[in-house]
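Here is a colleague's note for a reader who is meeting this structure for the first time. The points follow after the display and may be read in order.

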Amino acid sequence: MTSRRDPLKRDLGPILAIAGGAVVLAAVVWGFIAVGGPGDARARRIDDMTLTKVSSIATLAQCAVNAGQDPPKSLADIRRLEGQNFPSDDVGRCNPVPSGPLDQLDDIEYSAPQENRIRICVTFLRPSTENDPSYGNRFASFPELRKDHPAGRHCYDIRLIKPLNAVPMPGAQPVAPPLR
């Protein structure tokens with residue numbers, strides 16, 4: 001007498017293991033699609049640093065205008081403004097002037113094509129969306145920076161606001177010499 005296995009009784013262990021593995025794999029793939037992978041997180045971080053540089057450049061240009069100067073004409077002029085003491089403005093951007101993010105500006109183009117206007121061109125690794133946590137009120141003092149940008153080269157045309165009383169505050173440290 002040989003015993004035969006009952007065809008209705010099967011070992012479900014391997015089948016359940018394969019099904020469980022498939023569910024875990026599907027969850028991981030869905031997570032990468034929904035949130036983005038490590039490469040997307042890196043691109044998002046680099047783009048956030050790029051936007052911070054754009055904001056810092058615009059802030060320094062605005063602070064120069066607040067002090068009665070013309071907008072800086074070049075990135076070299078912008079760098080000379082770092083660390084200067086400027087009169088404070090209504091938005092609180094100029095005192096103290098942010099420092100640090102302008103260490104590498106090789107990939108940034110800057111110009112001051114018109115009075116009270118600057119143009120900053122940068123390259124982004126990914127397009128922005130309204131859902132990006134890095135965009136929002138952080139750049140509220142420059143509404144141009146709150147707009148979505150595409151992946152690749154993008155230029156911001158930023159309007160600088162000339163204050164009615166563009167004179168240094170009494171007792172303030174002198175600002176950089178007028179830029180020509």
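1. A patch, as the word is used here, is made of residues with over 30% relative accessible area and no salt bridge, with like charges joined within 9 Å and nonpolar side chains (Val, Leu, Ile, Met, Phe, Trp, Tyr) within 5 Å. Accessible areas come from the Shrake-Rupley method with a 1.4 Å probe, and for residues only the protein chains shown count as cover. On the surface, L12, I15 and L16 form such a nonpolar patch, with about 310 Å² of accessible area together. Of these, I15 lies in helix α1, residues 13–35 (helices are DSSP runs of H or I with at least four residues, strands runs of E with at least two, numbered from the N terminus).

2. The model is predicted: local features need pLDDT of at least 70 and side-chain atom pairs count only at pLDDT 80 or more, whereas totals for chains, interfaces and linings use all residues. Residues are numbered from 1 along each chain as its sequence is written, and side-chain values use heavy atoms, with hydrogens and water left out.

3. Three strands make an open sheet in the order β1-β2-β3, with antiparallel pairing (two strands pair if DSSP finds at least two bridges between them). Because β1 (109–114) and β3 (152–159) stand at the edges with a single partner strand each, one side of each is left without a neighbour in the sheet.

4. Strand β2 (residues 117–124) pairs with β1 over four bridges, and R117 in β2 is the bridge partner of Q114. These two strands form a hairpin with two residues between them, and N116 in the turn has a positive phi of about 65°. Eight bridges join β2 to β3, where C155 in β3 is the bridge partner of C121.

5. Four salt bridges are found in the whole structure, each being a side-chain nitrogen of Lys or Arg within 4 Å of a carboxyl oxygen of Asp or Glu. In one of them the side chains of E109 and R153 meet at 2.8 Å, N to O. This pair links distant parts of the chain, with E109 in strand β1 and R153 in strand β3, 44 residues apart.
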